[in-house]
Amino acid sequence: MANKTVGILGGMGPEATVDLMSKIIRATPAKTDQEHIRLLVDNNPQVPSRIDAILEGSENPGPVLAEMAKGLENWGAEMLAIPCNTAHYYVQYVMEAVNIPVVNMIEETIQVIVASGIKNIALLATTATLKTKLYEEKLIQAGLEVILPDPEFQEEIMRAIYGVKSGDYPKAYGAIAKVLEHVQSRGAQGVIPGCTELPLIISKDNCSLEIFDPTTILAKEIVARAYNTK
């Protein structure tokens, strides 16, 4: 039985937060309600834009994330997770605000990718995440070739992300189809849907590449820690 309560800094975006919760539930080896993991969720869509902060120097979301983390810890969370890739640029604010561990989605994803033995991988993420090189630097250090979309296809990625955020799934699927075809033509063996909206529109149904979904990887790590199997 799970013996740890998990706090989720959510709302970035709301549907991505629900996706993480769903994946935690599906990854949990529970046979009864009582065997599931207790989740405390601050689904706060009012967190300042991580993208605007990084690209345009607008309001820093770090202090807001820190306050959310403190609240979750006060409510009883024993570890924290952030289902937003770009927000991990500000993870230090969270770590310094609390006395409980933060499960770092990006670090966990990189470990899984490196262990897989794959040689090159396409990174699909917000323009802000690409600018911070949160994934790219560590993957290159590990000896992988990282394939980044050409500028016109990066625009399609952003179109897909905001399509999900606005509920316009036909627009999102149309945009991401172009991107997947593009990175596959460039020789990608695998793909990181490195924005938590993207796993909602990238699956085996529309992608023949090996998919390294950070949300799924985060969910499995949370379950392992909550059940003390790691």
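This is a predicted model: local features need pLDDT of at least 70, side-chain atom pairs count only at pLDDT 80 or more; totals for chains, interfaces and linings use all residues.
1. Four strands form an open sheet. Their order is S6-S5-S7-S8, and the pairing is parallel. Strand S6 (145-147) and strand S8 (210-211) stand at the edges. Each has a single partner strand, so one side of each lacks a neighbour in the sheet.

2. **Pairing of S5.** Strand S5 covers residues 120-124, and strand S7 covers residues 190-193. The two pair in the parallel sense over 4 bridges. Within this pair, Leu-124 stands opposite Pro-193 of S7. S5 is also joined to S6, by 3 bridges, and these two strands run parallel as well. Here Asn-120 has Glu-145 in S6 as its bridge partner.

3. **Burial of S5.** How many residues of S5 are buried? The count is 5 of the 5, so the strand is largely enclosed by the rest of the structure. Asn-120, Ala-122 and Leu-124 point one way from S5. Ile-121 and Leu-123 point the other way. Both sets are buried.

4. **H5 against H10.** Helix H5 spans residues 105-116, and helix H10 spans residues 214-226. Their axes come within 9 Å and cross at roughly 100 degrees. That makes H5 roughly perpendicular to H10, because angles of 65 to 115 degrees are classed that way. From H5, the contact uses Met-105, Glu-108, Thr-109 and Val-112. From H10, it uses Pro-214, Thr-215, Ile-217, Leu-218, Glu-221 and Arg-225. By class, this contact has 5 nonpolar, 2 polar and 3 charged residues.

5. **H1 against H10.** Helix H1 (residues 14-27) also packs on H10: the two axes come within 8 Å and cross at roughly 50 degrees. H1 and H10 are therefore oblique to each other. The crossing is right-handed. On the H1 side, the contact is made by Asp-19, Leu-20, Lys-23, Ile-24 and Ala-27. On the H10 side, the residues are Thr-215, Thr-216, Leu-218, Ala-219, Lys-220, Ile-222 and Val-223. The class count for H1 with H10 is 7 nonpolar, 2 polar and 3 charged residues.

6. **Thr-129.** Is Thr-129 buried or exposed? It is buried, with a relative accessible area of 2%; the cut-off for buried is under 20%. The residue sits in helix H6 (residues 127-132). Leaving aside residues up to four places away in sequence, Thr-129 touches Asn-85, Thr-86, Leu-134 and Tyr-135.

7. **Glu-181.** This residue lies in helix H9, which runs over residues 169-185. Glu-181 counts as exposed, because its relative accessibility is 59% and the cut-off for exposed is over 50%. How far is Glu-181 from Asn-206 in sequence and in space? They are 25 residues apart in sequence, and 10.0 Å apart from C-alpha to C-alpha.

Notes: Residues are numbered from 1 along each chain as its sequence is written. Side-chain values use heavy atoms; hydrogens and water are left out. Two strands pair if DSSP finds at least two bridges between them. Buried means under 20% relative accessible area, exposed over 50%, partly exposed in between (1.4 Å probe, protein chains only). Axes are lines fitted to C-alpha atoms, for helices over the stretch in contact, and angles run from 0 to 180 degrees between N-to-C directions. Angles under 35 degrees count as roughly parallel, over 145 as roughly antiparallel, 65 to 115 as roughly perpendicular and the rest as oblique. Contact means heavy atoms within 4.5 Å. Ala, Val, Leu, Ile, Met, Phe, Trp, Tyr, Cys and Pro count as nonpolar, Asp, Glu, Lys and Arg as charged, and the others, Gly among them, as polar. A crossing is left-handed if the near helix is turned anticlockwise from the far one by less than a right angle, and right-handed if clockwise.
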